[in-house]
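Me: I'd like to learn how to read the way two chains pack together in a model. Could you take me through an example?

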Amino acid sequence: MVWYGLRRIAHGGLVLVTAVGMMFWFIYVVPGDPASVILGPRADEAHRVALRAEMGLDKPIPLQFARFVERLSVGDLGKDVVTQEPIAGLIAHVLPATLALTFAGLGWALIVGVPLGCWCAMHRNSWGDRLVGVVSMATLALPSTILGIYALLLFAVTLHWLPAIGLGSGVGDEFRHLLLPALTLGLGWAGYLIRAVRSSMLEVLQENHVRTFRAFGVPEPRLALRYLLKITIAPVIAVVAIGMGSLLSNAVIIEIIFLRPGIGRLAYDAVLQRNFPIVLGAVLVAAVFYVICSIVAELLIASLDPRVRSAL
Amino acid sequence: MITAHDDAREPRPAPALILLARNLWSSAAGRVGLSCVLLIVGCALLDPWIVPYDPNAIDVSARLAAPSFQHWLGADQLGRDLLSRIIDGSRVVMSIVVIGVGVALAIGMAAGVIAGYGFRTVGAMFALFCDVIRSLPMMLFALAVASLIGTGLGTVTLIVIVFLIPVYFRIARNQTVVLKQSEYVTAARAMGASSLRVMLKHILPNLIGQMVVLVAMDVPTVIGIEAGLSFLGEGARPPLATWGSLLRDGFAFIREAPHIAMVAGVPIVIATIGFTFLGEALRDSLDPRVTRGPRH
């Protein structure tokens, strides 16, 4: 188990280093010269040389990369080229808002999706199961751009129930501002989870030990909650972990639609300004977050499911 | 008599495609899926003949016009007819879907079969590449790429390809590993078939069914990438109409003219539901392992 954990961590590290290398190659090598991109076509030569020297672009590429990795390893993501603020600070400042949005979205999707998925599996092919199946299938693939805009149109523009934009101030107000974006972000996920839980549970229901429980007269709700959920949940954790990437990705769009400051908004504004160090920093932070999530998920699965554990 | 012999034959079975279509039409999900997909694909193919107006024609008098008999779905901030722009946009979006998914499928499947067949180093390197791609947040990465190599539909297609390759790679590799151990492959190899021949003639055709299902399910993802990037202004360049750029226009005027955003979302909803349901129905009729189970 420990060995397995270490191996997963090493693999995660390898993925991150490769990702860093790819991003570095992409941003610093392919388009030629970030300095000229940042300064625009009308900058004079002296400016460009000065900026190149400041960003270390006049050094050989391997040296640049080594320096880049060295700085990264101590958590230094470089400086904003416009305001000279450290990027790690900028990201740390907006990260809580993004994490709150992501986990609120995932949270409600889990709270709704897991029980509903269980219920559907226990009442297979009932009209309730079919209805939930159709609705979840329809919502799970809808792009978050559409969901966000429709939610905004319905609840904020037409009905005026919820505040549409911004972060809010004070705990209650912040919660009200979080509600609509989180609902939007989690909707597709709820559908996804319902399907994952349902199919995983259906598989478990066919096993022999379930028949034995039933033969002993264990009541269905107790059977579902006490004995089945634990086995059912492992594939669901895998689905959630793999989906963390797309969840963050959708959070970017949601933050822009609802004008919430966050890592997506920060990166988007940076892209518009052609402020690449910030974009790179944001992508890396998100990648680290994803890798951590997937390692945690794999370890959780191994600790929950004895079959996986014994196969290690 | 020679013809008598022919007459004695059994009636010829209908071609596989027609059988498949009939099979799809027999389920409710299949009917909904096929109808929506045919509607969208029809719009994309017949675009120049069915648009009521030139999609880029500006008519200031119809600025932000609500739906009416002249403009069935209303007009945008420059007075361009929304229905025409949606139909025109479907051609653009479907082109991205066809090119993006096609290229990703070709690369992902080829690499997957090669990796699964036993070329370990290639497989490991490609798997690492796929893990890296999966770890990157797609929208942020797409924004970064768009700002570096420029905005446009080429960039959107590139992003689609890069993010879909891992999906097809993984499935193709896992399936190949399984198929390689099956008896008919062993038999083919025992008869002296080369690795290339086994991969092309015996393994690839067996992957097609599963891939068709995956492709149908992935179309909404592609539409979502286009919609997201164009919505953020890093995809289609104006005045080109795509579903994403229509959403962008609608979002900008969401308070003055909410009908633009509302109408712009409709084709995306239809296409998403259509392709998802079609994929589901295809899975039921193509994948022999899915059993429908007894109905209670």
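Me: Happy to start with the helices. At roughly what angle do the axes of helix 12 of chain A and helix 6 of chain B cross?

Reply: Keep in mind that this is a predicted model. The axes of helix 12 (residues 276-304) of chain A and helix 6 (residues 138-149) of chain B cross at roughly 155° and come within 10 Å. Angles over 145 degrees count as roughly antiparallel, so that is how these two helices run relative to each other. Their crossing is left-handed.

Me: Which residues make the contact between these two helices?

Reply: Helix 12 of chain A brings A:Val279, A:Ala282, A:Val283 and A:Ala286, while helix 6 of chain B brings B:Leu140, B:Phe141, B:Leu143 and B:Ala144. By class, that makes eight nonpolar residues, with no polar and no charged ones.

Me: Now the whole interface: how many residues of chain B are in contact with chain A?

Reply: There are 40 in chain B, in contact with 41 residues of chain A. Several helices of chain B each supply at least two residues to this side, among them helix 5, helix 6 and helix 9. Helix 11 of chain B gives the largest share, 11 residues. The side of chain B that touches chain A has 27 nonpolar, eight polar and five charged residues.

Conventions: Residues are numbered from 1 along each chain as its sequence is written. Chains are lettered from A and ligands numbered from 1 in the order in which they are written. This is a predicted model: local features need pLDDT of at least 70, side-chain atom pairs count only at pLDDT 80 or more; totals for chains, interfaces and linings use all residues. Axes are lines fitted to C-alpha atoms, for helices over the stretch in contact, and angles run from 0 to 180 degrees between N-to-C directions. Helices (H or I, at least four residues) and strands (E, at least two) are DSSP runs, numbered from the N terminus. Angles under 35 degrees count as roughly parallel, over 145 as roughly antiparallel, 65 to 115 as roughly perpendicular and the rest as oblique. A crossing is left-handed if the near helix is turned anticlockwise from the far one by less than a right angle, and right-handed if clockwise. Two residues are in contact if their C-beta atoms, placed from the backbone, lie within 7 Å. Ala, Val, Leu, Ile, Met, Phe, Trp, Tyr, Cys and Pro count as nonpolar, Asp, Glu, Lys and Arg as charged, and the others, Gly among them, as polar.
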